[in-house]
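Have the viewer open and follow along.

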Amino acid sequence: MVDATRGAVVRFPAIGCRYFQQGRCLYEELLNPGLHTAWRCLVLARWEAVYDDFLDRAENFGLTEAELGVLWHKRFERLAEESVPCPDVCAGDGESMPECRHLLADICLLRLPECAGQCERFRLRENV
Ligand code: SF4
Ligand code: SF4
């Protein structure tokens with residue numbers, strides 16, 4: 001579509017595209033899941049780093065799995081109460097961890113490329 005007043009090409013809205021989520025494009029992520037680590041949720045990445053550190057330290061004490069589970073549970077409770085290391089967190093429906101409406105599995109939708117309108121990869125959602 002061409003904007004007659006400016007002569008610029010204007011793309012059709014991509015809301016019905018199966019890759020469209022909150023104005024972002026999921027195509028690359030679905031093609032290579034997990035490849036772009038920069039798209040991961042900052043909070044989940046932080047929790048994962050803390051968990052790895054916890055496991056490294058725990059190894060030195062020769063604890064059983066059950067003891068590890070109890071310790072990690074307590075550590076995670078403290079961790080979850082700490083301030084969230086993300087300025088963009090936005091309370092969602094309470095079903096995700098962390099609770100954020102931009103979270104999709106372990107991906108942050110805000111970090112994905114923006115969709116600029118219908119492109120050659122546009123595919124209609126099956127339930128539209
Ligand atoms: S905005 Fe939400 S999903 Fe994105 S990094 Fe922050 S907490 Fe994670
Ligand atoms: S129209 Fe293109 S850029 Fe937009 S969401 Fe679909 S595939 Fe991605």
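Around ligand 2 you will find Ala-14, Cys-17, Tyr-19, Phe-20, Cys-25, Tyr-27, Cys-115, Gln-118, Cys-119, Arg-121 and Phe-122. Please keep in mind that this is a predicted model.

The table sorts each shell by residue class.

| Shell | Nonpolar | Polar | Charged |
|---|---|---|---|
| Ligand 2 | 9 residues | 1 residue | 1 residue |

Next come two helices. The axes of α2 (residues 42–59) and α3 (residues 65–81) approach within 11 Å, crossing at roughly 145°. Their crossing is right-handed. On the α2 side, Trp-47, Val-50, Phe-54 and Ala-58 make the contact, while α3 contributes Leu-68, Leu-71, Trp-72, Arg-75 and Leu-79. By class, the residues of this contact are 8 nonpolar, no polar and 1 charged.

The last stop is Arg-111, which sits in the segment after β6 (107–108). Why does Arg-111 count as partly exposed? It has 16 C-beta neighbours inside 10 Å, and partly exposed means a count between the 12 or fewer of an exposed residue and the 20 or more of a buried one. Setting aside neighbours within four places in sequence, Arg-111 is in contact with Ala-38 and Trp-39. Arg-111 and Trp-39 lie 72 residues apart in sequence, yet their C-alpha atoms are 5.2 Å apart in space.

Notes:
Residues are numbered from 1 along each chain as its sequence is written. Chains are lettered from A and ligands numbered from 1 in the order in which they are written. This is a predicted model: local features need pLDDT of at least 70, side-chain atom pairs count only at pLDDT 80 or more; totals for chains, interfaces and linings use all residues. A residue is near a molecule or strand if its C-beta atom, placed from the backbone, lies within 6 Å of it. Ala, Val, Leu, Ile, Met, Phe, Trp, Tyr, Cys and Pro count as nonpolar, Asp, Glu, Lys and Arg as charged, and the others, Gly among them, as polar. Axes are lines fitted to C-alpha atoms, for helices over the stretch in contact, and angles run from 0 to 180 degrees between N-to-C directions. Helices (H or I, at least four residues) and strands (E, at least two) are DSSP runs, numbered from the N terminus. A crossing is left-handed if the near helix is turned anticlockwise from the far one by less than a right angle, and right-handed if clockwise. Two residues are in contact if their C-beta atoms, placed from the backbone, lie within 7 Å.
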